[in-house]
Amino acid sequence: MTSYPKDKIKVLLLEGISSTALDLFNKEGFQVESLSQALTEDELVEKIKGIHLVGLRSKTKLTERVIKCANKLLAVGCFCIGTDQVDLEACEKKGIVVFNSPFANTRSVAELVMAEIVMLARKLPEQTQNMHEGNWIKSAKECYEVRGKTLGIIGYGHVGSQLGLLAEGFGMQVLYYDIELKLPLGNSKACDSMEEVLRNSQFVSLHVPKTELTNKLIKEEQILMMQKRSYLLNLSRGSVVDVEALAKALKEGHLAGAAVDVFPSEPEANGKGVFQSPLQGCPNTILTPHIGGSTIEAQDAIGKEVSQKLINYLNEGNTIGSVNFPQIYPVHYPKCHRLLHIHVNKHGVLKQINALLSDYNITSQLLGTTPNIGYMVIEIDANVAEEVLSQIKGLESTIKARVLF
């Protein structure tokens with residue numbers, strides 16, 4: 001039983017989040033509103049007032065302005081891998097936990113990449129366009145099997161390593177590079193540099209996060225390192241590739257093809273004529289609207305994972321899996337109430353809290369910190385919980401505090 005009556009908890013789900021999530025929230029007794037589309041910043045500023053939990057995908061932008069208007073928001077669920085659409089620091093400083101689903105769509109993305117590798121090798125983008133236009137052009141020119149070819153993977157995380165296994169099943173050799181030491185799966189071979197991968201692969205697939213280090217990681221210089229008539233695939237982040245340089249390499253024939261699912265600028269909503277890119281019209285080029293993880297299986301898995309994390313935080317104070325909070329998994333003790341305290345992380349705060357708690361019987365006290373905040377979970381005698389809560393709320397450093405149960 002939480003300190004909030006469950007039928008008073010308001011959940012806002014945006015961008016057509018899986019019904020799996022909707023069912024789990026309804027089962028908890030929450031008030032749930034689910035919208036199929038993203039909302040603009042102005043719309044969110046009004047809509048988020050009074051909301052306790054919000055779920056979104058990649059199109060909705062949770063900016064600092066929106067967060068300032070979120071007067072009751074406790075947690076945010078990103079029903080996707082990335083969290084760059086959310087101002088994580090603003091959430092953190094306001095005591096709002098953010099969760100995501102870093103692994104649930106791994107297989108869906110890896111399968112799409114593998115399919116596109118085969119499609120590019122057989123020039124299917126051009127073949128299918130010819131057929132739709134009524135042109136029958138049967139030819140084996142520049143069409144290849146992928147067996148025996150080398151796939152280079154930049155970023156050997158969950159998607160990259162899964163892709164490597166799939167590629168081996170097709171008889172491909174797999175090279176990879178990652179800035180962290182990663183154990184190779186199957187017969188994949190680690191390289192000492194990204195340049196080594198680029199120079200020795202017929203196919204190069206990118207699977208890196210959006211960071212300052214990966215911004216335009218692949219520019220003209222890196223593309224020219226690739227083998228002539230090789231292929232580039234990007235299903236990671238739109239900021240990773242210089243699309244103008246890629247378009248030039250495709251049109252001039254240095255690259256034989258490309259598959260791109262993510263773009264530097266993407267439309268905020270579905271619609272005809274809303275997408276523009278220098279890659280449009282390039283030869284043997286597959287363009288898809290950020291659908292790497294858009295399968296029924298992946299969305300169901302993401303819906304279950306993220307909604308359960310939000311429920312666990314609301315019901316237990318559990319922050320395992322959060323991206324902007326300390327990771328705390330609290331254990332409940334009989335005859336105790338649980339008090340959650342989020343505070344500014346600065347010198348002397350812990351001393352103040354412990355001085356306040358020293359007059360009471362504390363069964364358990366867990367603390368985790370980030371550079372900006374501290375998150376404390378306290379198990380305390382039930383008969384004094386409200387008294388302690390009142391005193392903790394009076395601390396200048398307190399961001400949020402409540403008795404959970």
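**Exercise 1.** Which residue of β16 does His343 stand opposite?

*Solution.* His343 stands opposite Thr398. The model is predicted: local features need pLDDT of at least 70, side-chain atom pairs count only at pLDDT 80 or more, and totals for chains, interfaces and linings use all residues. Residues are numbered from 1 along each chain as its sequence is written, and side-chain values use heavy atoms, without hydrogens and water.

**Exercise 2.** Describe the sheet that contains β16.

*Solution.* Start with the order: the sheet is open, with 4 strands arranged β14-β15-β13-β16 and antiparallel pairing. Strands (E, at least two residues) and helices (H or I, at least four) are DSSP runs, numbered from the N terminus; two strands pair if DSSP finds at least two bridges between them. Next, the edges are β14 (362–369) and β16 (398–403), each pairing on one side only.

**Exercise 3.** Which strands does helix α13 lie across?

*Solution.* Helix α13 (residues 385–393) lies across β13, β15 and β16, where contact means heavy atoms within 4.5 Å. Its direction runs at about 170° to β16. Such angles run from 0 to 180 degrees between N-to-C directions, with axes fitted to C-alpha atoms, for helices over the stretch in contact.

**Exercise 4.** How far does helix α11 reach from its first C-alpha to its last?

*Solution.* Helix α11 (residues 296–316) has 21 residues. After α11 comes Gly317, with a positive phi near 80°.

Key
The expected span of a helix is 1.5 Å times one less than its number of residues.
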